[in-house]
Amino acid sequence: MINLELPKKLRASANQAHQVAAQIFRPISRKYDLGEHEYPVELDTMAAMVDGLSDSGTQKISGASGGRSDDEKPSTDVLLNANGGNMSALLNALETSWGDVGLMLSIPYQGLGNAAIAAVATDEQLARFGKVWASMAITEPSFGSDSAAVTTTAVLDGDEWVLNGEKIFVTAGQRSTHIVVWASVDRSLGRAAIKSFVVPRDAPGLSVARLEHKLGIKASDTAVLLLQDCRIPKDNILGSPEVNVEKGFAGVMQTFDNTRPMVAAMAIGVTRAALEELRAILTDAGIEISYDTPPNNQHAAAAEFLRMEADYESAYLLALRAAWMADNKKPNSLEASMSKAKAGRTGTDVTLKSVELAGAVGYSQRLLLEKWGRDSKILDIFEGTQQIQQLIVARRVLGKTSAELK
């Protein structure tokens with residue numbers, strides 16, 4: 001029998017994250033939605049708290065180590081069940097995104113680049129970069145979803161890598177202390193030569209060209225970064241510098257196996273927030289939601305609520321599975337994409353339908369419903385669009401390569 005209850009230690013962590021979301025994020029959510037690009041100073045307290053929890057060993061959620069499992073050995077027996085850094089990070093992302101996903105993406109030391117470091121860094125690199133605030137720079141002006149089309153280059157010059165290129169849509173690109181940059185060490189070798197590099201904020205040759213104005217997650221800064229003869233130490237390349245043509249792109253793509261369940265958790269948090277708000281609105285309107293009566297015998301709004309709640313539950317369970325597999329060193333590329341695809345689609349569907357069912361009050365700024373509708377759209381796009389996730393799932397299910405199924 002599968003036990004779907006969370007362990008006691010994770011319930012305590014999730015509850016603490018929920019309190020942060022309710023008492024810190026929700027009260028300032030509208031303020032920073034209207035004040036785009038204004039730094040949320042309230043999050044400095046969050047950074048100190050997260051760092052303290054990590055140092056004390058109470059919770060392993062700070063920096064890159066938060067997405068790394070304590071147990072490096074694969075779990076093949078159900079008795080050797082690990083719920084480590086990935087599961088803890090997922091639950092914290094879910095709860096804080098229930099408060100405000102833009103603010104969640106702005107928490108110092110909790111950037112998406114931290115999950116990338118956890119995925120491929122050596123133990124020595126994790127010791128150096130385990131507590132940095134790392135954003136992730138992949139997308140370029142010449143491509144969107146095709147991560148293998150990276151044109152940014154990295155050339156070894158003595159004891160330094162020299163990076164040149166332009167990165168766009170970098171979440172927390174201005175505020176983070178480090179950026180994980182995807183670049184090619186030899187463009188003639190194709191995608192196999194793409195590696196990830198940790199670039200400090202003060203590295204010579206790194207600059208912020210501009211900040212983007214966006215539909216949602218306005219509390220989070222989204223930057224365009226320029227790398228012009230940017231120099232970093234030789235050992236700032238994550239993982240092995242060797243190009244393995246046979247292994248191809250798999251090494252650097254391992255990053256997404258950690259980050260996609262995290263993004264799924266963000267969408268699930270926003271989804272739950274919208275469902276709770278909608279339930280209160282329907283209840284105030286005298287519409288009863290029954291779990292004993294068939295949906296077709298209930299009010300249309302109640303039937304729609306039940307449909308959306310079922311989608312929410314399935315997205316939640318898919319994300320838990322993907323994170324559990326990562327903690328137990330099981331290949332989870334398929335499950336990570338499934339969780340991200342389901343949660344992203346569910347988030348946009350539920351938030352926008354909630355705005356619709358709430359009527360005029362849902363469309364107004366009296367509630368946060370319309371904001372959640374705007375915020376949710378990015379969660380179906382970044383870290384791989386809905387269409388890309390479906391393509392990955394199809395390849396895995398059908399046993400096709402990227403060349404065979406495009």
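Ile 217 sits in the loop between β6 (206-211) and β7; helices (H or I, at least four residues) and strands (E, at least two) are DSSP runs, numbered from the N terminus. The model is predicted: local features need pLDDT of at least 70, side-chain atom pairs count only at pLDDT 80 or more, and totals for chains, interfaces and linings use all residues. Residues are numbered from 1 along each chain as its sequence is written, and side-chain values use heavy atoms, with hydrogens and water left out.

**Loop residues with positive phi**

- Ile 217 has a phi near 35°, a positive value in a residue other than glycine.
- Ile 217 counts as buried because its relative accessibility is 4%, where buried means under 20% relative accessible area, exposed over 50% and partly exposed in between (1.4 Å probe, protein chains only).
- Ala 172, in the loop between β3 and β4 (178-184), is not a glycine either, yet has a positive phi of about 60°.
- Ala 172 is also counted as buried, at 3% relative accessibility.

**Strand pairing around β3**

- Strands β2 (residues 153-157) and β3 (residues 160-171) pair in the antiparallel sense over five bridges; two strands pair if DSSP finds at least two bridges between them.
- Across this pair, Thr 153 stands opposite Asn 164 in β3.
- The hairpin of β2 and β3 has two residues between the strands, and Gly 158 takes a positive phi near 70° there.
- β3 is also joined to strand β7 (residues 222-233), by nine bridges, and these two run antiparallel.
- Leu 163 has Cys 230 in β7 as its bridge partner.

**Nonpolar cores**

- The largest nonpolar core has 81 residues; such a core is a set of buried Ala, Val, Leu, Ile, Met, Phe, Trp, Tyr and Cys residues joined through side-chain atoms within 4.5 Å.
- Helix α7 (residues 250-284) gives the most to this core, with 15 residues.
- Another core, of 18 residues, lies apart from the largest one and includes Leu 163, Ala 223, Leu 225 and Ile 237.
- Among the residues with the most contacts inside the largest core are Phe 25, Leu 91 and Met 266.
- Not counting residues up to four places away in sequence, Phe 25 touches Val 20, Leu 43, Met 46, Thr 96, Gly 99, Asp 100, Leu 103, Met 104 and Ile 107 (contact means heavy atoms within 4.5 Å).
- In soluble globular proteins, nonpolar side chains tend to be buried together.

**Ala 310 in helix α8**

- Ala 310 belongs to helix α8 (residues 300-327).
- With a relative accessible area of 47%, Ala 310 is partly exposed.
- The C-alpha atoms of Ala 310 and Thr 346 are separated by 9.9 Å, and the two residues are 36 residues apart along the chain.
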